[in-house]
Amino acid sequence: MRNFFKDVPEHLWRDYKWQVQNRIKTKEELKRYIKLLPEEEEGIDRTKGIYPMAITPHYLSLIDPEDPQDPIRLQAIPRAVEMDKELQEKGQENPFNEESLIPGLTHRYPDRVLLNLTTFCAVYCRHCMRKRIFLEGERARTKQEIDLMLNYIRENPQIREVILSGGEPLSLSNEKLNYILSELRKIDHVELIRIHTRLLVLAPQRFFEEELLDILERHSPIWIMTHFNHPREISPESEEAVEKLLRRGVPVNNQAVLLKGINDDPEVMLKLSRELLRIKVRPVYLFHADPIKGAMHFRTSIEAGLRIIEYMRGRISGMGIPTYAVDLPGGKGKVPILPEYLVEKRQDNVYIFRSPFGSFVEYRL
Ligand SMILES: *Cc1c(COP(=O)(O)O)cnc(C)c1O
């Protein structure tokens, strides 16, 4: 159900280009749809030129305008707290030392390399871990820059997987995308290509384009990692887009971020996982919110995340439980955090476990 834009014809609504061209980028435009709170008006003013705002009609239409704490509203509309001086000072612009001698390329794990292909995004999420790149304006990498990245991958045979990221990598033109994927497929040691896209949430209409689906299918195996944070983000259009990808042999996985006031609630996360499984998306990661300058107000305790994961165990199939993980500072890598189930070891061969239902169980070898 569309909350706004009810009179936009279906063929335009289903057009990704229309969604991007009609993004809401100013306070005045936004006020036509939503009665803004004072902290939102202040937020839009104070973040101008630093952390810009852009919201697709699709994403905006998922907001309940009557709810000031709506989870989509909190991810899309700036608030004054983003610019809070004390919080800003506690955050960092690039806590993971991303990038390298090759602009846009991060090679942290021997087998995987991450490519930052553009600073453009359909929606500028308020919690983005790469808020620093908003400053550069909306710019896709040039062919020369991409060729430098491709050369690096060619010369490093330990790279088995290439992650296309951004910004929004699927905002690149089909031509550029096809070029990158074709060149990667010529490299023998590149086995997997993974695309980190949030368009399934923000503008799923991109996947209604047969030409894009043809490109993705042609360069198989391609995996998609997307970013649903809340069950309310799963629209009929998202569901349709996932179905189209799966029919073209492209599996879709999800990584969510734990965000205060948005999804730091066991019932919300359980519902998100249930809904994701229903549309055949596997919830892989739940990330603890990173210490990002301008997004510190979204951080929760680690315990809040553990409680959520613990709550899920026993209430949903194992494949619906994401790995809760922290990205260690300085680019030291992502590590899982798990509730403790192995409680004690007695003698050499007796282990005491805690069951998902709370009882203690003796396990003998
Ligand atoms: C997160 C990340 C990856 C991918 O890690 P996975 O655990 O495989 O999802 C790879 N490279 C960098 C630089 C990353 O930040």
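This is a predicted model: local features need pLDDT of at least 70, side-chain atom pairs count only at pLDDT 80 or more; totals for chains, interfaces and linings use all residues.
Helix H9, spanning residues 174-185, packs against helix H11, residues 210-218, with the two axes 10 Å apart and at an angle of about 5°. Angles under 35 degrees count as roughly parallel, and H9 and H11 are therefore roughly parallel to each other. On the H9 side, the contact is made by Asn-174, Leu-177, Asn-178 and Leu-181, which meet Glu-211, Leu-212, Ile-215, Leu-216 and Arg-218 in H11. Sorted by class, that contact holds five nonpolar residues along with two polar and two charged ones.

Next up is Lys-334, which sits in strand S9, residues 333-336. An unreviewed UniProt entry annotates Lys-334 as "modified residue: N6-(pyridoxal phosphate)lysine". Leaving aside residues up to four places away in sequence, Lys-334 touches Arg-108, Tyr-109, Tyr-285, Phe-287, Val-326 and Asp-327.

Then there is the sheet. Three strands make up an open sheet in the order S10-S11-S12, and the pairing is antiparallel. Strands S10 (342-346) and S12 (360-364) form the edges, each pairing on one side only. On average, and ignoring direction, neighbouring strands of this sheet are turned by 25° against each other. Between S11 (residues 350-354) and S12, the antiparallel pairing rests on five bridges. Ile-352 stands opposite Glu-362 of S12.

Note on methods:
Residues are numbered from 1 along each chain as its sequence is written. Side-chain values use heavy atoms; hydrogens and water are left out. Axes are lines fitted to C-alpha atoms, for helices over the stretch in contact, and angles run from 0 to 180 degrees between N-to-C directions. Helices (H or I, at least four residues) and strands (E, at least two) are DSSP runs, numbered from the N terminus. Angles under 35 degrees count as roughly parallel, over 145 as roughly antiparallel, 65 to 115 as roughly perpendicular and the rest as oblique. Contact means heavy atoms within 4.5 Å. Ala, Val, Leu, Ile, Met, Phe, Trp, Tyr, Cys and Pro count as nonpolar, Asp, Glu, Lys and Arg as charged, and the others, Gly among them, as polar. UniProt positions are given in the numbering used here, feature names are shortened, and annotations may be inferred rather than shown by experiment. Two strands pair if DSSP finds at least two bridges between them.
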